[in-house]
Amino acid sequence: MSKATFKGGAHPYEGKSLSENAEISLLDLPGEYVFPMSQHIGAPAKPCVNVGDNVLAGQKIGEAQGFISADVISSVSGTVKKIEPRMQTGGQPQMSVVVESDGRFETVPGVGEERSAADLSKEEIRDLVKAAGITGMGGAGFPTYVKLMPKDDEAIDYFIANGSECEPYLTSDYRLMMEEGEKIIGGLKICLKLFPNAKGIIAIEDNKPKAIEHMTKLCAGEKRIEVKALKTKYPEGGERQLINAVTGRYINSSLLPADAGAIVDNVATLIAIYDAVVLNTPLMQKVITVTGDAVKNPSNVKVRIGSSYKDILQAVGGLKTEARKLICGGPMMGQALFDLNVPVTKPSSALCAFAHDEVEENPTTPCIRCARCVDACPEFLVPPMMVRAATHGDLEGFEALNGMECMECGTCSYVCPARRPLTQIFKQARKMVMNKRRTEAAEKRQRDELERIAKEAGEAAKKAALEELYEASKKATAKALK
Amino acid sequence: MNNIEFTLENPHVSSSPHARTEVTTRRLMTDVCIAMLPALAWGVYHFGLYSLYVTVATVAACVLSEYVFEYFMGKPITVKDMSAVVTGMILALNMPPEIPIWIPVLGGIFAIIVVKQLYGGLGQNFMNPALAARCFLLISFAKKMTDFSVESMPWATVTPDGVSGATPLALIKAGGEVDLTALLVGNIPGTIGEVSVIALLIGAAYLLWRKVITLRIPLSYILTVLVFTALFGGRGFDVYYLLCEICAGGLIFGAFFMATDYVTGPLTPNGQIVYGVVLGILTGLFRLFGGSAEGVSYAIILGNVLCPLIEKYTVPTAFGKGKYLKSKAKSAESKLNKMVVVKTFIITLVSGVLLGGAYVITKEPIAEANRAALYAAYEELVPGAAEYKDMTENKELSDAVADTNNTLTQSGVYGDVTVNNLVTAVDESGNIMGYIADVTDHEGYGGDIEITVGYIADESGELKNTGISFLSIAETAGLGMNAQNPEFKDQFTGKPAMADGSPAVLSVTKSGSAGENEINAMSGATITSDAVTNAVNAANMAVSAVEGGNE
């Protein structure tokens, strides 16, 4: 039987052998920790501590704002040094709480106290997940408690644990499956408790046979959980592609996975859920892979959120040769860094350092219309047509070609024999469309407001005129009566 | 903190993804070149080393013109991407084996400079450069481009009737039979690269294995030709005949190497299938109903032009949009693909039936009209006959025509001229009233001139020319076309068919005062004058052959 998969995609060099056998090591670094208030999709959190306050590990330092948002939890004990904009992986500064660690990693009381998930109600579970500040650990950082609150719990028939780890070079999810598989299954069981009709699927790409074997062994007695091997192909772990591969269902960008009866959570997220619910431990640590051909000791390290990449790299042994390219994340969707002094956040997954930059070494040449990007696009788009629309500023045309369905996975740029920066062009065009939509919405709001004011003013004037008339007639009547 | 030294002098920043596949434009183009090598090797083995010279010269012309153009236009030099080599090879493999080398070289320059570079270089040309160049050469040097005879090559295997250099398709079209094995191996006349189906398929398999091409275009193309030929080829599902149609005429070469050209084909998967079907229909139309037996090159060029339209209407449904929604999505997807195939097939069928129907309906009336025109000409030349009997009904006449044509080709006295038909005009009692000869001179200024010449015996029993009438003439207006004016054509009236027992010979004079056996040339149109006069001389010869035999 052919392995489950989706249509399209590519198979970049995996590079996982560098770090796949490096066991997760714990790294508690001293010094300064930076907690950006926006580590998730949605409204940024609001700092709820002041400069000079003493905080403990596990203490809330940022308050979620609005429905789609997440709390920010301090991962260390120490003193709040500053609350100021700090540089992020994306290159823009962002409001952050800076905590100087006291090196003791003292936790708030109660953290680590075990409890039984069986005694908890659905609401209690969701509240615990929310309070733990958990967001998707796979990359996008969608607040997990929102995911766990679909319109109808009964309608969910698949809960997918995403262990596909399709991004090249990354091995943190693989190590977690090998070393903390029990927690993944524990987390999955907690989630299945929320959705009575759901089947738990642990989806793993077939380039990790040991993980498939290990997880299959672990869930041997579980009736509602099974392991599904997927074909190794990028972007197998993309939420929509994964749902398609596992269930055969399709969703587009305006639908939620729950609309197709499925919920997807990364295996690391499930561990965080387990920690939060059973061990009463909020999200404070994160396993990241430090790898690449320029790294001396490729490794998987469990670090505290807020640590700087620079410190992590130094702690694992640094570089063995000059790195031409530094990437936060994997080579397909990660962000290139020009400065390593940026903090690890909840969705962070890796630090890659490469001695060569393939982008720089492959200059762009003319498009030969080979249509390899069309065949590879996992969203069934036609990149060359979208490029034509985008580069001519035709945003309507770009939208008509379903440009907003693009998930910026980078497959088109990867397969392009002419090395066109397709994904980059789409990122820009998508930003422009989103800005346009925002501007239009704002303009509409403004117009509506003005109309309302004008209407009210008109009504007031009418009322005043009537009043006047009434007064006048009253006077006239009084006069007549006199 | 330990003292690991950081060497982060100059990290490079760019947008993701940061990885690139090893497949480059250059590698794809090189693969196409490699895939054409078996066909080239067979061409060289089969036609001789000269084919290799042609190929090398064409490739060199393409690469050099690309280099020179880019150098002088101050553009980056891109000859290393191998695309000019591909163009050169395709063009060369489309050349007749004994073509004078300057022709493909000219074609290569045209392909690169006019078709490719003037439109903006690689990726911007809207037509396949090699094919556009081939068609340019076909139009400019029609004779040399369609002369597939090779001096040292006896084509006995495919041409039992000895028509040297006729391609298998031309043979099939003319009602002949071809040997399928010879077609597969490539033991046939044709262009350098198109003859061996086996060699081409080896190359195609390589391209598929290297994932340079997909089967969408070639397969839909070939299948459509198959269906079209089966429907309208007039031989039904005669497997042998259908296989011959597919293996012949460069279809395999065109389908795998030319129709799959990236730049000029559609991007969308369904568009590629539609494109293949369109090419198949066009090829079938050109082959079965067109003037020439070959149609692949013109079909692909036309398909190139249709490509933007095809693309526009075949943009795929995005993942999760429309028909893909929710659980039934997977079957919807395959249904969609099937629907496109079914729809295009129906369109093909309907348009094919319409075209075929139009052909069948108009075929008889057109033939009828042609016959009527012919009879009107006969009637004008030998009036009052009860019946006109031509050589298909009379062996004596056909022998005379064959003898005359033999003499004409062997002696060559009247140049390239053919007697097409000889007709006797018979009265009610069966007596021969006169003769009409139908002659074509191939050496007119504008190509063939076809005339009919009438003869009636006078009182002395001597056959005299009753006039000539033109069936087809395409000379220069105001000059050669004046042949139809009475001043010129009436000069022939009254001239005897024979003199002293042998065919009378007329000659053209420019003196303006024609003698007994002379015809005054039209001013400025000596070639036409000569051609018509030669045709009349040939007619005299044919008539004499019958009349002489009668005596």
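Figure 1. B:Pro104 touches B:Val54, B:Ala57, B:Thr58, B:Leu91, B:Ala92, B:Met95 and B:Ile99, not counting residues up to four places away in sequence, where touching, or being in contact, means that the C-beta atoms of two residues, placed from the backbone, lie within 7 Å. The model shown here is predicted, and in it local features need pLDDT of at least 70, side-chain atom pairs count only at pLDDT 80 or more, and totals for chains, interfaces and linings use all residues. Residues are numbered from 1 along each chain as its sequence is written, while chains are lettered from A and ligands numbered from 1 in the order in which they are written. B:Pro104 counts as buried because it has 29 C-beta neighbours inside 10 Å; a residue is called buried if 20 or more other C-beta atoms lie within 10 Å of its own, exposed if 12 or fewer, and partly exposed in between, with the C-beta atoms placed from the backbone. Between the C-alpha atoms of B:Pro104 and B:Val59, which are 45 residues apart along the chain, the separation is 9.3 Å. Helices (H or I, at least four residues) and strands (E, at least two) are DSSP runs, numbered from the N terminus.

**Figure 2. Helix α5 of chain B, residues 129–140, and what covers it.** The 12 residues of this helix should span 16 Å at 1.5 Å a residue, and the end C-alpha atoms are 16 Å apart, which agrees; the expected span is 1.5 Å times one less than the number of residues. The buried residues of α5(B) are B:Pro129, B:Ala130, B:Leu131, B:Ala132, B:Ala133, B:Arg134 and B:Leu137. Among the elements that cover these buried residues are α3 (83–93), α4 (102–116) and α14 (296–312) of chain B.

**Figure 3. The largest nonpolar core, seen around A:Ile160.** A nonpolar core is a set of buried Ala, Val, Leu, Ile, Met, Phe, Trp, Tyr and Cys residues joined through C-beta atoms within 7 Å. The largest such core has 235 residues, of which A:Ile160 and A:Ile273 touch the most other members. Helix α13 (residues 269–289) of chain B gives the most to this core, with 11 residues. Because domain 1 (23–148) and domain 2 (213–381) of chain B both give residues to this core, it lies between them; the domain bounds come from an automatic or database domain assignment. Leaving aside residues up to four places away in sequence, A:Ile160 touches A:Ile201, A:Ala203, A:Leu242, A:Ile243, A:Val246, A:Ala262 and A:Val264. A second, separate core of 48 residues includes B:Tyr378, B:Val401, B:Ile436 and B:Ala525.

**Figure 4. The side of chain B that touches chain A.** Here 45 residues of chain B are in contact with 64 residues of chain A. The elements that give two or more residues to this side of chain B are α1 (25–47) and α15 (329–381) of chain B. By residue type, this side of chain B divides into 22 nonpolar, 16 polar and seven charged residues, where Ala, Val, Leu, Ile, Met, Phe, Trp, Tyr, Cys and Pro count as nonpolar, Asp, Glu, Lys and Arg as charged, and the others, Gly among them, as polar.

**Figure 5. An open sheet of four strands in chain A.** The strands follow the order β2-β8-β7-β4, with antiparallel pairing, and two strands are said to pair if DSSP finds at least two bridges between them. The edge strands are β2 and β4 (54–55) of chain A, each of which pairs on one side only. Strand β7 (residues 78–87) and strand β8 (residues 93–101) of chain A pair in the antiparallel sense over nine bridges, and the bridge partner of A:Thr79 in β8(A) is A:Glu100.

**Figure 6. An open sheet of six strands in chain A.** This sheet has the order β1-β14-β13-β17-β15-β16 and mixed pairing, and its edge strands, each pairing on one side only, are β1 (24–27) and β16 (335–336) of chain A. Strand β13 (residues 285–291) and strand β17 (residues 350–354) of chain A pair in the parallel sense over three bridges, and A:Val290 stands opposite A:Leu351 in β17(A).

**Figure 7. A:Pro30 in the loop between β1 and β2 (32–36) of chain A.** A:Pro30 is partly exposed, since 14 other C-beta atoms lie within 10 Å. A:Pro30 touches A:Ser101 and A:Gly103, not counting residues up to four places away in sequence. A:Pro30 and A:Arg104 are 74 residues apart in sequence and 9.2 Å apart in space, C-alpha to C-alpha.
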